[in-house]
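Here's a quick briefing on charges, contacts and surface patches. Have a look at the model first, then go through the points below.

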Amino acid sequence: MKLFLNTLLLLAITSLYSQNTIKGTVIDADTKQSLAFVNIYLTDIEKGTYTNEQGFFSIENLPSGKYNMVVSIIGYATQSLDVTIPLKDDINISLSTSAIEMEDIIISTPFHKLQSDNVMKVERKTIKDLKSSGSVTLADGITNIAGVESVTTGLGIGKPVIRGLSSNRVLVYTQGVRLENQQFGAEHGLGISDSGIESIEVIKGPASLLYGSDALGGILYLNPERFASNNSSLGDISATYYSNTQGFNTNAGYKSSANNFKFLFRGSLTEHSDYKTKSYRVTNTRFREQDFKAGIGYQNSAFKTNFRYNVNNSKLGIPEEIGEQSKNKTPLLPFQNITNHVFSSKTTVFFNGSKLDVNLGYIYNDRKEFEEHHEHEEDEDEGEEHEEEHEEDETLEAALHMKLKTFNYDAKYNLPKLGKFETIVGIQGMNQINSNYGEEQLIPDATTNDFGIFATSHIHFEKVDIQLGARYDNRNIDVLNGINRTFNSYNGAFGVKKNITKNITARVNLATGFRAPNLSELTSDGTHEGTNRYEIGNNDLKSEQNFQTDIALEFKNEHFEVFVNGFYNSINNYIFLSPDGNVIDNTPVYLYLQNDAKLYGGEFGLHLHPHPLDWLHFESSFETVTGKQKNDNYLPLIPANSISNIIRVEFDNDWIKKGYAFAKLKSTFKQNNTSPFETNTNGYNLLSAGFGGSFSVFNNELSVTLSGNNLTNKSYINHLSRLKPDSIFNMGRSINLGLTYNL
């Protein structure tokens, strides 16, 4: 690694650093009037400002080179333009009015472009939008993105599903580094709060070229909140109440930036009691989550770096059956107590026309699970309430206690642009140590090492953009009991984006991906309490390898948008669990097997905002996926087809700003395409609605949101619910009130 980085630095240093300033004005293309409060942002440098009352802007201390600049404001079409610094003259920018929402830069792809300029289709949603629609948790919120669902165990535990693939087949990135926290487990959640996260990006399909093993199914990329703009400070407090669980979420943060230094911090506390269906409360779905995030950064004209830290502690009840009907918030036995520490640093060195990005991460996951029979007898008092018996963890002995320590690194060198070519070369790697400290052991002590090297290019033509790349990966798993396996893989990707007409864009992407078997699949030999299975691993498993074809068509004009996405995903050596008919310790035995598989489907959507009623929006989306093994058996945990219809209005006047109201009907169809070990799931309709806006209170902004989910109090079961085998319903009606006050 050191030799590689030194080589890149030697290639890059071609001139002395210099400090530069860019200035310019922004006007309305039709009226020629100056536009105030327009956001000017240099995406490569991560530095920006706003225009003043005269439409003027200025950004200082910039490195020489060619960079991308995004100009955006609500009500106008976002512009993306390349600027070569130093500039000879000031920039004059004209923006055209548009009812289409502002575009944002996509961070999860290597070249950081607007979605309209991206060769790969990436879905993006802000946390603010997801929470305004009534989402209770991050795992709940991602289900609002077309093609994305969540496997859930109650309310507090959920993991992402992208086009039918989940667990280790979907990689999660946070703070610019890969999140590692025992993703192999069916009942293990994300282990991260939506507090301090600005937006979510989803790559649907193989992303091994960019991220290596475990990105076979896609990427969930969580963008942390930005630092404050130069020479400014911001603070806010917020609280949300959820009627169904009588739960709450509180949140407070502050950030400040000077010319060179900047910092931020944010803390949150969430508590929920057992969620309620139409007929009963689901025992032990209660949970408590504490989260703290902090960041510090430094930037000058040739160098920028930031360090972020996140600690998240979650105490999560594990539901088993309908029992005690209570509104208490302290989990009963069994429960999980999980602490995640995420340390990350992101550094960029700017050269004359090129740059070097180095991301480092350290993730420390401390996982404990407590069960009834592991309680110390001397601490029991007859007749005492369960939740009082284990109010302090010190009175309990963890049946399962695992620590996962992961160091990962990612270095990318953006070569100087050569004509129509943008090229990035890089290396990525990981060292991971799994250790056991509890009485039980699901997976053994082991060390995993990854190394990958890749190159990718983006080629620009007038009406066609091409992106291609290749990668090599090596993974070694060394288990304490003597098992040692090494997996190698070559992968590639090729994509084309063509503007067929002014309003029609087509994308075709071909990509391969791979996933090495995880520790659980290779070495399991014991009862998995959360899923009521005795799992036996298979040391002879091969790597999964897939090839996916994606085709996307998009039509967009000022008042109408429509898209069609289709995919076909062929997976060799697909790993799955299958019962063998035996029983150990009164628990059915499941074996890890392999067979070729295929998944296919897609998404369709439209967005209508008719003229002159630009404040009125109608959105509709449909998603479908089918998964089969080579023997024509259906794959398990494949989401049912669904369609969502939303009517939304937006308004802004003297007393309410950024006002909106919406009504949404999501129809989920019956799932009949089930694996041999699943049952069919009935369809259902869920109605939700809400409104919100901002008010001026004591010269500061107060934002209010009011939303209702499952307003008809429908009793239903989602096909991806882990509580489905026990016929336990999902959550009933909930009214949610949120307040945010900017200081």
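A polar contact here is a pair of N or O atoms within 3.5 Å; within protein, one must be able to donate a hydrogen and the other to accept it, and residues adjacent in sequence count only if both atoms are side-chain atoms. Bear in mind that this is a predicted model, where local features need pLDDT of at least 70 and side-chain atom pairs count only at pLDDT 80 or more, while totals for chains, interfaces and linings use all residues. Residues are numbered from 1 along each chain as its sequence is written, and side-chain values use heavy atoms, with hydrogens and water left out.

- Glu-603 sits in strand 32 (residues 587–608); strands are DSSP runs of E with at least two residues, numbered from the N terminus.
- With 3% relative accessibility, Glu-603 counts as buried; that label means under 20% relative accessible area, exposed means over 50%, and partly exposed is in between (1.4 Å probe, protein chains only).
- The side chain of Glu-603 makes a polar contact of 3.0 Å with that of Arg-163.
- Over in strand 22 (residues 400–414) you'll find Asn-408, which is buried at 4% relative accessibility.
- A polar atom of the Asn-408 side chain lies 3.4 Å from the backbone oxygen of Arg-178.

**Salt bridges**

- The structure has 32 salt bridges, each one a side-chain nitrogen of Lys or Arg within 4 Å of a carboxyl oxygen of Asp or Glu.
- Glu-603 turns up again in a salt-bridge network, together with Glu-123, Arg-163, Lys-204 and Asp-550.
- Arg-226 pairs with Glu-198 in a salt bridge, with the closest N and O atoms 3.6 Å apart. Arg-226 is in the loop between strand 14 (218–224) and strand 15 (232–242), and Glu-198 is in strand 13 (residues 197–204), so this pair ties together parts that are 28 residues apart in sequence.
- Asp-274 and Arg-286 meet through their side chains in a salt bridge of 2.8 Å, N to O. Each lies in the loop between strand 17 and strand 18, so the pair ties together parts that are 12 residues apart in sequence.
- Asp-274 is buried at 0% relative accessibility, and Arg-286 is buried at 0% too.
- Asp-410 bridges to Lys-412, with 2.7 Å between the closest N and O atoms, and both residues are buried.

**Surface patches**

- Patches are built from residues with over 30% relative accessible area and no salt bridge, joining like charges within 9 Å and nonpolar side chains (Val, Leu, Ile, Met, Phe, Trp, Tyr) within 5 Å. The areas come from the Shrake-Rupley method with a 1.4 Å probe, and for residues only the protein chains shown count as cover.
- Tyr-254, Phe-263, Phe-265, Phe-292, Ile-296 and Phe-307 make a nonpolar surface patch of about 530 Å². Strand 17 (261–272) and strand 18 (287–299) are the elements that give it two or more residues.
- Phe-265 belongs to strand 17 and is partly exposed, with a relative accessible area of 37%.
- Glu-320, Glu-321, Glu-372 and Asp-726 form a negative surface patch. For charges, Asp and Glu count as negative and Lys and Arg as positive, with His and the chain ends not counted; the place of a charge is NZ of Lys, CZ of Arg, CG of Asp or CD of Glu.
- Asp-726 is in the loop between strand 37 (700–709) and strand 38 (734–742), and at 47% relative accessibility Asp-726 is partly exposed.

Methods
Helix = DSSP H or I, 4+ residues; strand = E, 2+ residues; numbered from the N terminus.
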